[in-house]
Amino acid sequence: MNNVLRMALVDPDDAARESLKKLLLGMDRLWLEAECSRYEFFSDVVAQTNPDIGVVGVDHNPRKALQLIEELRQTSPQCAILVVSRSTDGQLILQAMRAGVREFLTLPVGVEELMAALERISGQSEPGSSGRARRSNVIAVAGATGGVGATSLAVNLGCVLAARAENSVVLVDLDLALGDADVFLDTIPEHTLIDVAQNASRLDFSLLRRALTRHASGLYLLPRPIHLQEAQQVAPEDLQRVLGLLKATFSHLLIDLSKSYSPLDLQALKVADQVLLVTQLDLPCLRNVVRLLASLEELDEQLQEKIKVVVNRVGLGSNAISLRKAQETIGREIFWQIPNDYRAMIEVRNNGVPLTEQAPKASVTQSLVSLAEALSGQAPAESEVTAASLAGRWLSFWPGKAKVPGGG
Ligand SMILES: Nc1ncnc2c1ncn2[C@@H]1O[C@H](COP(=O)(O)OP(=O)(O)O)[C@@H](O)[C@H]1O
Ligand SMILES: [Mg+2]
């Protein structure tokens, strides 16, 4: 399920609102953008938060609630109204429908009934109708072995994507034991994945935001847990919900996987739209790529389409296997090549500053700029064009080159 629906909720009855919230937040694809205890304030809340769905509990005062619904039709016509009530009064249902309600749910609501209503609502708000259903791009970064550069790539790709005003980007560090994305971003996080995972079933926007650390580049980070023991406490279902909620608010979600291909990593692979499998041009790495491709594709057929092999540190040493040979060995195209630049990369890691800042003109940086563009289908920004074409030129000098960046 790709599109998460953002909702705002109103019910002046606190207990009813709480139980409504519990019911709705149990759904993986719902995101609570705002809640409100007064009918009078709700149309302003909707205007400000712009949710996909406005949920109105009408039983507290049906007359006022119907007035509100009519007002919402005028002020926020793009917001689908879902009414929740204990009443089965045909008159009330008819009035609600006339006022412009999209769905009327009678309590207690079954999960299937709720799912069907959400399906109908999202079906009608797909792009094209109002253009409101936003699609988040989920990119998982996996490695053929430790130290291939997966984190370097994930962090710097994140910073490149975050530099564009239209993007909002979050990076999840899923290397729960040894993850170091926080070091790359020079942050000492207060909250981590464990805080949100443990509260997954009652997670709301403010709690999630508090767990995220914002880097100066604009990239948000959800760091790995601090204590080793905490790593075991994150369940795949909790992660699924956390990722679902992040997809609701961010245009790009990057996930730096661990190298253990644990149930959590597999959950992330399932959620991902694209998987970058990072390797280097040596035998142990390429052998792992072959093994990983075979195992992962057996596990989930869809992964075959999603996985893109990225060769990192191209140009490192004269003993490297040629790209052509590598391609033959793994039996699939190499999607991208990232040049070797030891100095730039080590400075990035030690100084906690992204490549775009540390070495904006370096080939390695420009290769990542073009990669970001290829992955998200965004044309390069004006200032990026010259430099990106320079990076392409760099690679065209490379002997034994199979492909230029992004070519084909
Ligand atoms: N393109 C590159 N050129 C040179 N060194 C690199 C490159 N990419 C990564 N490195 C270096 O490789 C080491 C491991 O990188 P890291 O991102 O931590 O790998 P992983 O997350 O896969 O374990 C780091 O010291 C990093 O600076
Ligand atoms: Mg790493």
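Predicted model: local features only at pLDDT ≥ 70, side-chain atom pairs only at ≥ 80, totals over all residues.
Student: How many helices and strands does the chain have?
Tutor: Helices (H or I, at least four residues) and strands (E, at least two) are DSSP runs, numbered from the N terminus. On that basis the secondary structure comes to 19 helices and 13 strands.

Student: What percentage of the 408 residues of the chain counts as buried?
Tutor: A residue is buried if 20 or more other C-beta atoms, placed from the backbone, lie within 10 Å of its own, exposed if 12 or fewer, and partly exposed in between. Of the 408 residues, the buried share is 45%.

Student: Which helix gives the most to the shell around ligand 1?
Tutor: A residue is near the ligand if its C-beta atom, placed from the backbone, lies within 6 Å of it; 18 residues surround ligand 1, the closest being Gly149, Ala150, Thr151, Ser152 and Met345. At least two shell residues come from each of helix H6 (150–162), strand E12 (307–314) and helix H16 (342–351). With four residues, the element that gives the most is H16.

Student: How many residues of the shell around ligand 1 are charged?
Tutor: Ala, Val, Leu, Ile, Met, Phe, Trp, Tyr, Cys and Pro count as nonpolar, Asp, Glu, Lys and Arg as charged, and the others, Gly among them, as polar. The shell holds seven nonpolar and eight polar residues, and the number of charged ones is three.

Student: Are H3 and H4 roughly parallel or roughly antiparallel?
Tutor: Axes are lines fitted to C-alpha atoms, for helices over the stretch in contact, and angles run from 0 to 180 degrees between N-to-C directions. Angles under 35 degrees count as roughly parallel, over 145 as roughly antiparallel, 65 to 115 as roughly perpendicular and the rest as oblique. Helix H3 (residues 62–75) and helix H4 (residues 90–99) pack with axes 9 Å apart, at an angle of about 20°. H3 and H4 are therefore roughly parallel.

Student: How is H6 oriented to H18?
Tutor: The axes of H6 and helix H18 (residues 363–376) come within 9 Å and cross at roughly 70°. That angle makes H6, relative to H18, roughly perpendicular.

Student: Is the crossing of H11 and H12 left-handed or right-handed?
Tutor: A crossing is left-handed if the near helix is turned anticlockwise from the far one by less than a right angle, and right-handed if clockwise. The axes of H11 and H12 come within 9 Å and cross at roughly 35°. This crossing is right-handed.

Student: Is Ala268 buried or exposed?
Tutor: Ala268 has its place in helix H12. Beyond four places away in sequence, Ala268 touches Ala140, Leu174, Leu243, Ile255 and Leu257. Because 26 C-beta neighbours lie inside 10 Å, Ala268 counts as buried.

Student: How far apart in space are His252 and Ala162?
Tutor: His252 is found in strand E10 and is buried, with 24 other C-beta atoms within 10 Å. His252 and Ala162 are 90 residues apart in sequence, yet their C-alpha to C-alpha distance is 8.6 Å.

Student: Where does Pro108 lie?
Tutor: The peptide bond from Leu107 to Pro108 is cis, with omega near -5°. Pro108 is in the loop between strand E5 (103–106) and helix H5 (111–124).

Student: Is Arg313 buried or exposed?
Tutor: Arg313 is found in strand E12, and its phi is near 60°, a positive value in a residue other than glycine. Because 23 other C-beta atoms lie within 10 Å, Arg313 is buried.

How values were computed. Residues numbered from 1 in each chain as written. Chains lettered and ligands numbered in written order. Contact = placed C-beta atoms within 7 Å.
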